[in-house]
Amino acid sequence: MAPLYNHLLAVLVTSTTFQLLTAAFPTDNHKRQIAGVPSFVLSYAPKIWLQSQDPYFPSDIGAQLVHTKPEVNFNVVNGAPNPLTLDNLASLNNLGGSNVYLTSVDDVSQNPAWLKGVKPDGNGKTNGATSCAVIVNDHGSGNVDAYYMYFYAYNQGNTVFGQEIGDHVGDWEHNMIRFKNGIPQSICTHDHTIPGLNLPVGPIEDHCDQGTLWDPIANAYFYSYDAPSNSFKAYDGTSPTNWLQYVGEWGDQQYPDSDRRQKKIFGIAVTAKYTGGPTGPEDKSLNRADVCPPRDNTACFVSPILRP
């Protein structure tokens, strides 16, 4: 049985750091070899249990562009490439930059099929969907940070007092593992739970179980990251890199109160059913000094042990 930290539950917004006090054990990913990618980045790559009742699965990163259109303030961006692809996405940086939202061409309240993603097969692979990007930052002297980025076409938010809050198109989650001489030292998870406080019932509920096993690196892009130049290089020399520089949002802008789809509990802003889409890997502090991202507004929980 693989160690617990390689089976992270899939209700992946708190940052949690686990300090690994003993030598970790690799999963069966150690059998994989990808030219140029450090072997330990593959050996210790997380595997994820997806909750058995979750209807939304990991999604193809590029397919998101097929089902969305770039907008700024709910207006279509003029002069945007058509079609938009992972090879030209960053051109939107000059057409609105961080104000650009990749907005669904469908009414998401009708739950179009593409939002549901691709269920991993019996081996944990999302066939036909590249739903993960692994980014390696080698700091030198044996210090390496590996970022495992996970993509979903849709995020179903938490349920509070019987109402969903925080739903949004597009979702990027990630783990970062900090290595020293090929041995994991710490793991950072970027999640929507409070570590050690998982409630099965109550005003805020968290439901996790060993439903479907997902092996993200079974269908992933692999990149090295150069911090001084803020540039990415594909290990295979062919995977698209332009999209990694995109600074806009990967989903719809938060719907106004006047939109029939929007709901709030007692009109409280933070309880909006639909929120804005997330930023992508470019905005995940890929050259951080500490294990937790410096930009987080929430506390960084540091646990000396691995726990559920």
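Ile-268 is partly exposed, with a relative accessible area of 41%. Here buried means under 20% relative accessible area and exposed over 50%, with partly exposed in between (1.4 Å probe, protein chains only). The model is predicted: local features need pLDDT of at least 70, side-chain atom pairs count only at pLDDT 80 or more, and totals for chains, interfaces and linings use all residues. Residues are numbered from 1 along each chain as its sequence is written, and side-chain values use heavy atoms, with hydrogens and water left out.

Ile-268 sits in the loop between S15 and strand S16 (300-303). Strands are DSSP runs (E, at least two residues), numbered from the N terminus. With Phe-266 and Val-270, Ile-268 makes a nonpolar surface patch of about 400 Å². Such a patch takes residues with over 30% relative accessible area and no salt bridge, and joins nonpolar side chains (Val, Leu, Ile, Met, Phe, Trp, Tyr) within 5 Å. The areas come from the Shrake-Rupley method with a 1.4 Å probe.

Now turn to strand S15 (residues 231-234). Its side chains alternate. Phe-232 and Ala-234 point to one face and are buried. Strand S14 (residues 220-226) runs antiparallel to S15, joined by four bridges; two strands pair if DSSP finds at least two bridges between them. Tyr-225 stands opposite Phe-232. The two strands form a hairpin with four residues between them, and Asn-230 in the turn has a positive phi of about 50 degrees.

Another element is an open sheet of three strands, ordered S5-S4-S6 with antiparallel pairing. Its edge strands are S5 (75-76) and S6 (101-104), each pairing on one side only. Four bridges join S4 (residues 68-72) to S6, and Thr-68 has Ser-104 as its bridge partner there.

The interior comes next. A nonpolar core is a set of buried Ala, Val, Leu, Ile, Met, Phe, Trp, Tyr and Cys residues joined through side-chain atoms within 4.5 Å. The largest has 27 residues, and Ile-61, Leu-89 and Ile-135 are among those with the most contacts inside it. S7, S8, S11, S14 and S15 each supply at least two residues of this core. Apart from it lies another core, of 24 residues, including Tyr-150 and Trp-214. Ile-135 is in contact (heavy atoms within 4.5 Å) with residues including Asp-145, Tyr-225 and Phe-232.

Ser-131 lies in the loop between S6 and strand S7 (132-140). At 0% relative accessibility, Ser-131 counts as buried. Among the residues that Ser-131 touches are Ile-61, Tyr-150 and Trp-214.

Finally, the charges. The structure holds eight salt bridges, each a side-chain nitrogen of Lys or Arg within 4 Å of a carboxyl oxygen of Asp or Glu. Asp-107 and Arg-261 meet in one of them (3.3 Å, N to O). Asp-107 lies in the loop between S6 and S7 and Arg-261 in the loop between S15 and S16, so the pair ties together parts that are 154 residues apart in sequence. Asp-107 is partly exposed at 23%, whereas Arg-261 is buried at 18%. Asp-107 and Arg-261 also belong to a salt-bridge network with Asp-259 and Arg-260.

Asp-145 bridges to Arg-178, with the closest N and O atoms 2.8 Å apart. Asp-145 is in strand S8 and Arg-178 in strand S11, so parts 33 residues apart in sequence are tied together. Asp-145 is buried at 1% relative accessibility, and Arg-178 is buried at 19%.

How values were computed: Patches are made of residues with over 30% relative accessible area and no salt bridge: like charges are joined within 9 Å, nonpolar side chains (Val, Leu, Ile, Met, Phe, Trp, Tyr) within 5 Å. Lists of a residue's contacts leave out its neighbours within four places in sequence.
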